[in-house]
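Thank you all for making time this morning. I would like to walk you through one model, and I will begin with the contacts between side chains.

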Amino acid sequence: MTRKTFTLFDPTLAVPAIAESFRKLNPAVQWRNPVMFVVYIGSILTTILWVQALGGQGEAPTGFILAVALWLWFTVLFANFAEALAEGRSKAQAASLRGLKKETWAKKLYEPHINAKWQMIPATDLRKGDVILVAAQEFIPADGEVIEGVASVDESAITGESAPVIRESGGDFSSVTGGTRVLSDWIIARVTVNPGETFVDRMIAMVENAKRQKTPNEIALTILLVALTIVFLAVTVTLLPYSLFSVDVAQSGTPVSITVLIALLVCLIPTTIAGLLSAIGVAGMSRMMQANVIATSGRAVEAAGDVDVLLLDKTGTITLGNRQASTFLPADGITEAELADAAQLASLADETPEGRSIVVLAKQRFKLRERDIHALDAHFVHFTAQTRMSGVNLGERQIRKGAAEAIKAFVEAEGGHFPKSVSGKVDDVARRGSTPLVVAESAGGKVRVLGVIELKDIVKGGIKERFAELRQMGIKTVMVTGDNRVTAAAIAAEAGVDDFLAEATPEAKLKLIRQYQTEGRLVAMTGDGTNDAPALAQADVAVAMNTGTQAAKEAGNMVDLDSNPTKLIEVVETGKQMLMTRGSLTTFSIANDIAKYFAIIPAAFVSTYPQLSALNVMGLASPSSAILSAVIFNALIIVFLIPLALKGVKYRPLGAATLLRQNLAVYGLGGIVAPFLGIKLIDVLIAAAGLA
Amino acid sequence: MTTHAWTLLGLFLAILLVTVKPMGLYLAKVMAGDYGFVRKTESPLYRLCGVQADEEMVWLKYAFAILLFNALGVLAVYALQRLQAWLPLNPQGMANVSPDSAFNTAISFVSNTNWQGYGGESTMSYLTQMLALTVQNFLSAATGIVVVIALIRGFARHTAATVGNAWVDLTRVTLYVLLPISIVYAVFLVGQGSIQNLDAYKEVTTLEVTKYDAPKLDADGQPVKDEKGAVVNEPAETATQTLAMGPVASQEAIKMLGTNGGGFFNANSAHPYENPTPLSNFIQMLSIFLIPGALCFTFGRMVGDTRQGWAVLAVMTVMFAGLAIAAMYFEQQANPLLTQLGVDPTFGNMEGKETRFGIADSGLFATITTAASCGAVIAMHDSFMPLGGLVPLVDMQLGEVVFGGVGSGLYGMLVFAILAVFISGLMIGRTPEYLGKKIETYEMKMTSIAILVTPLLVLVGTAVAVITGDGRAGIANPGAHGFSEILYAFSSAANNNGSAFAGLSANTPFYNTMLGIAMWFGRFGVIVPVLAMAGSLAAKKRLAVTEGTLPTHGPLFVVLLIGVVLLVGLLNYVPALALGPVIEQLMLFATY
């Protein structure tokens, strides 16, 4: 399934959003945004003034009051539209998920084994703890944990990834998601959530919840915006007495009208940011969802922007999942070809990626073809946890490959000895961050070590540059691996991470996180296994892989549906973008006030003090056109900035000071200059149309 | 700007900046009790007063102590004024002060405003001057300093519950900083020619007979009025003059050092006994900025990064220099009205200035005294050119943060810094932090209150004054200037400056009450949220500094902070300023 992507003002979204903008005129909705509520009240007041003016008792020309009133209503509607559009986009995303929530039936088992009796019940009747059977081509009715069986599952509906994944009982691949489809075989799963709590439910709730929880920074910003609104309210309210006094002492002109004061108030209060604030929040969540990450709260997304330490698992994140054979290092007296030959024989039946890579390397280096196993009368010895070796027996001839320790034990048990030079090579390989695999052969009572195969960890392409970017953002990267210190250090150096944790145990991970936190750092990590759960719970931002266990998913505050550990970096960027968009628009909004003062103050008082026209630096045509232009600019700028609010201010991985300098130049200086140009332009148009 | 003006400003800033580090270091060490003599001297005092010096206070208790201490101060100053006629040290037999004036003066001196609705030499007994006013000069200055010290501790500490002990802090500031400097300073002023006595006023014969117009009095001693209701004047002459005496030097020293500004005499520092020589004038200017400047270093040292302190000082210095240059420039301009009458325009605007000091000194002094919340004057701000008068007005309306009052200037500036960090933190995509402390909802609430209080008091106070009869009655000058006078009065009171546009007759029940309220809330409406913030910051963890942390010590931050102070501090006053000094200037120069 592919996610539908929308252009910004896609009619399928814009049209319902327009309708929604009017529905949002409900005072109960407006009240939630105190700044816009002030505009709302202003719109009502000017409308009343207009009605009064129609009755012949206007404080200003009827047409002027009407124009101001209309544009104030537009200001409110534009803000509503921005919010509705952002919500609409999220809902559209959710709707495509809702398709998954069609009525499905579940085979509820009476006992948790394949031959037990089952009953067909609606999926909505399933409760946590129920055991279900899902056969090939059936939809999995609810989130659960596989307790028996292995199956390939199509999870594309959730992840967008078309390749089927394997789900099996035990281990870290036991979790299944409701709405996905079993392609082959069967599984028995225990349901882990009650109806209404599944991922899909959570995802839909997150975007549809009208009472979206405000994030901490959003609340702090709202407080600031309300404070500014209160001050500007005082500024405009007190202007009336000031004006009355001025008219008295100058004995000329008329006091400023209520309409003009309301216009001034609306222009001064930070409507631009207030009108777009919730749209920014909704859009942030929506961007996360586009990246296939479910956050349990906006708070978690925001916290991601603050992270300064990233714990990254080596395997899968920093290196490709599998190590690959890169070099044959023969022991003294053995040629490289001999070693390659033996290594290839020992690996022929080894289906692990490492084993395959040895065969491939032998073929590349010495053109050794894969030999017919049956013709050789070979008997393969598979890897076991006890022997920690694998190999092949060709009649008398035994070839073994394995870790140095294991091979040493094997050689010594056969009466041979493990040469020093080979030990040296083993150490060299380990120091390079690779894994040494030693090959030995026992034939005719003679046992000898043939040499070492270097299995190399392949660091992902581009990852080093990514880490350099992170470093510039002030984020420290820490590689977590089960490897020994020497190996870990070498890979850490190659990948360019700042630090590493070698021989990592779940306890060591937890301890490391706590240590960073006491140093005053915010830690993010990804995890999938059950043993990651404590560390995930401790981390400030914890992204659980969707393929991970239920325990891991519950401990984290985000779930990555693609199970791509590199995603953490995107999550951090999205978090930052949300904050940056808010900050930049706030600066822009406040900086706008300078130009608006220059437009409105001369216009409002020029009848009392004609000399004030010297402050009309924009040369606006007339007082009413000046005031109207400022109000119109104030309304239109919301519409102009909707794309920015939805897409977010572009984040570039730069140092804090550079980033601030750039954003200050664009949104601070831009915020000062733009309204001068905008208001002048609108004024010219109004004057040209002969409207005011 | 004359060469003299540039030299004066340059010399002033150079000497000031030299004093910052040693004085700041001393303050930091005294407040921490690092000197051996500190503990030895003060412990008997604590035993006497039953103060548990080792017990620190949570912010609420600290704030309560400060409020209680200052409320008691108000009562004491009020009582001394109301009873002075029956108390000793009253050689001139001054009457008890009226209730509204006493109320106003009590709050004025306790809140470090030192707005004076009265004339010192014609109202206050020596006992009141010394025991009420001078004592409060010390204690109100100490209050400002300890509050900023508590706030700095909030930044410097982490995961701590307390912000210090208010009684210990007040004792240390007074005993080791304010008192010793004031003693030396007072002796210096006496050396320059200030007086210090408890004598009755002296009647002296003047060198020449002074001719003047006096109101004609009828048999009952009431002024005679003509049919239009105007007072009728008649020519009069005198060959004698009364010279007011008193313990001037001792009050003068702390008046400047503690950014109080309440003069012993009505003419304030323009009076030869308060400010006898150009040298004393220069030292007076320096002493206003001495502690506010030094506290920036104290701040940097206490938070463990002196660069932070220098950055804040840089913001203050740059803004101050700009404002001072503006004031001196505008005062050097001639008033076109006078030029028209044949006055040489190169003299500049000498109206209302003490000839001993001239334009450059007066302009600089006016900027210093209003940038710091001192309020002492050597020239009449009312007589400045409209835009020259705008500078002191703006100084105050910025919230008294350009150096500002002792302590209060820095805590005001730090509130702005928190705001700047909040906005810029968002702009770089991080939860804002300042000095390793996250700025969250609670801090924004307190910052908002601290930033809201004074503009509301100024704007609403001015509005009430211009529409009520009682308010309009005090205006001496017609037109826009009358508006400026009222705006100035409320800006001065709510920002705890205390200087006045002299044209306003403010010693009326209306203004005494309104301005008293403005002074009290302008002071403690900021102190309480600042202390609340100190408590909440102290409790926070300190975050580690990384590449992603916004540096708050570089030029970028300095520029940003200046921008925020100007934008947030001034946008509220633009319409009011437009209807006051700006239109005055436009009208003055448009006509001629």
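At 33% relative accessibility, A:Arg471 counts as partly exposed, where buried means under 20% relative accessible area, exposed means over 50%, and partly exposed is in between, with a 1.4 Å probe and protein chains only. This is a predicted model, in which local features need pLDDT of at least 70 and side-chain atom pairs count only at pLDDT 80 or more, while totals for chains, interfaces and linings use all residues. Residues are numbered from 1 along each chain as its sequence is written, chains are lettered from A and ligands numbered from 1 in the order in which they are written, and side-chain values use heavy atoms, with hydrogens and water left out.

To return to A:Arg471, this residue forms a salt bridge with A:Asp498, and the closest N and O atoms are 2.6 Å apart; the term stands for a side-chain nitrogen of Lys or Arg within 4 Å of a carboxyl oxygen of Asp or Glu. The pair links distant parts of the chain, 27 residues apart, since A:Arg471 lies in helix α16 (residues 463–472) of chain A and A:Asp498 in the loop between α17 (485–495) and β19 (499–501) of chain A. Helices (H or I, at least four residues) and strands (E, at least two) are DSSP runs, numbered from the N terminus. A:Asp498 is also partly exposed, at 32% relative accessibility.

How many salt bridges does the rule give over all chains? The count comes to 26.

One of them joins B:Arg430 to A:Asp308, with 3.6 Å between the closest N and O atoms. This pair crosses between chains, from the loop between α14 (408–427) and β3 (433–434) of chain B to the loop between α10 (298–306) and β11 (309–313) of chain A. Buried or exposed, where does B:Arg430 fall? B:Arg430 counts as buried at 4% relative accessibility, and A:Asp308 is buried with a relative accessible area of 2%.

Within chain B, the side chains of B:Arg172 and B:Glu42 meet in a salt bridge at 2.8 Å, N to O. Here the two residues are 130 apart in the chain, with B:Arg172 in helix α7 (residues 166–192) and B:Glu42 in helix α2 (residues 36–49). B:Arg172 counts as buried at 7% relative accessibility, and B:Glu42 counts as buried at 2%.

Turning to the rings, a search of the whole structure finds 30 aromatic pairs over all chains, where rings of Phe, Tyr and Trp (its six-membered ring) pair if their centres lie within 6.5 Å, and planes under 30 degrees apart count as stacked, over 60 as edge-to-face and the rest as tilted. Among them is the tilted pair of B:Phe12 and B:Phe289, 5.8 Å centre to centre with 55 degrees between the planes. B:Phe12 lies in helix α1 (residues 3–32) of chain B and B:Phe289 in helix α9 (residues 278–302) of chain B, so the pair ties together parts that are 277 residues apart in sequence. B:Phe12 is buried at 0% relative accessibility, and B:Phe289 is buried at 0% as well.

Finally, B:Leu341 is exposed, with a relative accessible area of 69%, and is found in the loop between α11 (336–340) and α12 (358–371) of chain B.
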